[in-house]
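Please look over this model before the notes below.

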Amino acid sequence: MHLQPILALLVVQLLFGALPVASKFVLAHAHPFFVVVLRSFFAAIFFFVLHKIFSPAESPRVSVDQRDDSSEVVGVSQRLPLSVHARILLLAFFGITFNQMALFIALPQTTAAVASIISPSIALFTLLFSVLLGRESFRTSSLLSIVLGGVGVLLVIGPFTQNLPSSGASGSAWADSLNVLSAASYAFYLALVGQLPTRVGGLRFSLLFFLYGCLLNVLVMLLFVQAVRMGLWERPPSLLLSAELAQLPASFWYGLGFLLLGATALTYFLNTWALQRVKPSLVGGFVCLQTLFGLFLSQSILSEPITLSMILGSVLIMCGVVVLTIQHFRDSRRAPTAEGVSA
């Protein structure tokens, strides 16, 4: 096994672990919806450029997952059928719009440490949805993973965390629950995506995925603005930025630059590149590092408290991910066939 994919996965987890911390500096001066729209717009532009440069060399492969709805390869120069566009639109809703809006609405009202702890539960939610959708078979290890992760999440967002300080409104319980919904939404996207990126080409899929996500984000933001104007929703301090550009502190610009370049473009690109070179089952073990990085950064940079229930919850969630990873390793040894990759 080459060292480069391992280093890439380490960088990805470090960047994802730092995302909640950097978001704190950005969301202190920008509305969550505006940040989500800006992030998806930047990603769409980024993958549009990559698609224009590298798409001639991109060669889609035949799906090896016979449970997928189709194994047909769509050439790079071919037009995609409307059904594929509709599916990508649905994936964008769960993988970008609902996922990111729930996360960024929650972050100002809770701690970055809680968001970092809940993130690895994405792997467990993906397992749960994959079993429910019939894409994976149910096993005893599956139940153990889900139970461990579920108990861990309850420890993090349950009554034991009511003493956590909140930077905004009165209760952090609803915000922590939004974090869980965000993780579940992204997991549902992972369970649904199947072999679609492989069939249509990774760069073209990424471009359409973020393009449709950006359009959906803009639509949600426009509906929110209209609801505010009609008095159906309380007007926030700002719908975009809380101050003029020249008055925004350096921490805002550093955080925004990290969100756009580091936690969006670089992470998605490196993750996709690494997953083409290592077994997907290996990635599960690296997900646990995201929690460790996130807890370290939230405590050292934001001075957020780390409670006993948070530590116990994170350990249980990571144990669930480890059990899941071990099972994937065993499956890959029993059936050493090519596996589909989705990022």
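The notes run from the overall fold to single residues.

1. Basis. This is a predicted model: local features need pLDDT of at least 70, side-chain atom pairs count only at pLDDT 80 or more, and totals for chains, interfaces and linings use all residues. Residues are numbered from 1 along each chain as its sequence is written, and side-chain values use heavy atoms, with hydrogens and water left out.

2. Fold. The protein has 12 helices and 0 strands. Helices (H or I, at least four residues) and strands (E, at least two) are DSSP runs, numbered from the N terminus. Of the contacts between residues at least 6 apart in sequence, 87% join residues at least 24 apart. Contact means heavy atoms within 4.5 Å.

3. Burial and surface. The protein has 343 residues, and 53% of them count as buried. Buried means under 20% relative accessible area, exposed over 50%, partly exposed in between (1.4 Å probe, protein chains only). Areas come from the Shrake-Rupley method with a 1.4 Å probe; for residues, only the protein chains shown count as cover.

4. Nonpolar patch. Phe-41, Ile-45, Phe-48, Val-49, Ile-53 and Phe-54 make a nonpolar surface patch of about 570 Å². Patches take residues with over 30% relative accessible area and no salt bridge; like charges are joined within 9 Å, nonpolar side chains (Val, Leu, Ile, Met, Phe, Trp, Tyr) within 5 Å. A salt bridge is a side-chain nitrogen of Lys or Arg within 4 Å of a carboxyl oxygen of Asp or Glu. Ile-53 sits in helix α2 (residues 32-54). Its relative accessible area is 54%, so Ile-53 is exposed.

5. Aromatic pairs. Rings of Phe, Tyr and Trp (its six-membered ring) pair if their centres lie within 6.5 Å; planes under 30 degrees apart count as stacked, over 60 as edge-to-face and the rest as tilted. The count is 16 aromatic pairs. Phe-93 and Phe-94 are edge-to-face because their ring centres are 5.1 Å apart and their planes at 80 degrees. Phe-93 is partly exposed at 32%, and Phe-94 is partly exposed at 21%. Tyr-186 and Tyr-189 have ring centres 5.2 Å apart and planes at 50 degrees, so this pair is tilted.

6. Aromatic cluster. Tyr-186 and Tyr-189 lie 3 residues apart in helix α7 (residues 173-193), about one turn of the helix. Tyr-189 is buried, at 0% relative accessible area. Both tyrosines belong to one aromatic cluster, whose members include Phe-46, Phe-205 and Tyr-268.
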